[in-house]
Amino acid sequence: MAKQIEIKEHDLKEKKQDHVLGLQKVITYSTIVLFAASMTATFVIIFGIALWEFKLPKSFLNWMGGATIGQIGGLMAIVYKGVFRSTP
């Protein structure tokens with residue numbers, strides 16, 4: 001009887017780990033897609049200024065640069081935490 005309970009607990013732990021791993025994959029892929037879309041939009045604006053002579057205020061360009069750096073920093077923090085944190 002005790003052995004059956006141990007086996008069931010072990011199975012539940014494995015299922016929970018699989019579920020958490022699946023959620024992590026979904027979150028990771030979603031974050032990558034959103035980041036790629038925002039970086040693409042940023043580069044379109046940057047190249048648009050150079051090639052098609054977009055006229056944008058300097059304050060907007062400064063804000064856009066800060067937002068891009070913030071995105072990269074935030075994603076680096078998420079990846080660092082996910083890769084290097086100690087798991088029990």
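**Entry 1: nonpolar patch.** I began with the surface and noted that α1 gives the nonpolar patch its largest share, 4 residues. The model I am reading is a predicted one. I then listed the members of this patch: Phe43, Ile46, Phe47, Leu51, Trp52, Phe54, Leu56, Phe60 and Trp63. Together they make a nonpolar surface of about 960 Å². I looked up which elements give two or more residues to the patch, and found α1 and α2.

**Entry 2: Trp52.** I next asked where Trp52 is found. I located Trp52 in the loop between α1 and α2. Is Trp52 buried or exposed? I recorded a relative accessibility of 56% for Trp52; this residue therefore counts as exposed, the cut-off being over 50%.

**Entry 3: the chain as a whole.** I counted 2 helices and 0 strands in the protein chain. Of its 88 residues, I found that 6% are buried.

**Entry 4: largest pocket.** I turned to pockets and recorded a volume of about 440 Å³ for the largest one. I found 13 residues in its lining. Which of these lie nearest the centre of the pocket? I noted Gln24, Thr28, Ile78, Val79 and Gly82 in that position. The elements that contribute two or more residues to the lining are α1, spanning 2-51, and α2, spanning 58-84. By residue class, I divided the lining into 7 nonpolar, 4 polar and 2 charged residues.

Key: Residues are numbered from 1 along each chain as its sequence is written. This is a predicted model: local features need pLDDT of at least 70, side-chain atom pairs count only at pLDDT 80 or more; totals for chains, interfaces and linings use all residues. Side-chain values use heavy atoms; hydrogens and water are left out. On a 1 Å grid over the protein atoms alone, a cavity is a set of points where a 1.4 Å probe fits but cannot get out, and a pocket is an open set with protein on both sides within 12 Å along at least five of seven lines; lining residues have an atom within 4 Å of a point. Grid points are joined across faces, edges and corners, and a volume is the space filled by probe spheres set on the points. Ala, Val, Leu, Ile, Met, Phe, Trp, Tyr, Cys and Pro count as nonpolar, Asp, Glu, Lys and Arg as charged, and the others, Gly among them, as polar. Buried means under 20% relative accessible area, exposed over 50%, partly exposed in between (1.4 Å probe, protein chains only). Patches are made of residues with over 30% relative accessible area and no salt bridge: like charges are joined within 9 Å, nonpolar side chains (Val, Leu, Ile, Met, Phe, Trp, Tyr) within 5 Å. Accessible areas come from the Shrake-Rupley method with a 1.4 Å probe; for residues, only the protein chains shown count as cover. A salt bridge is a side-chain nitrogen of Lys or Arg within 4 Å of a carboxyl oxygen of Asp or Glu.
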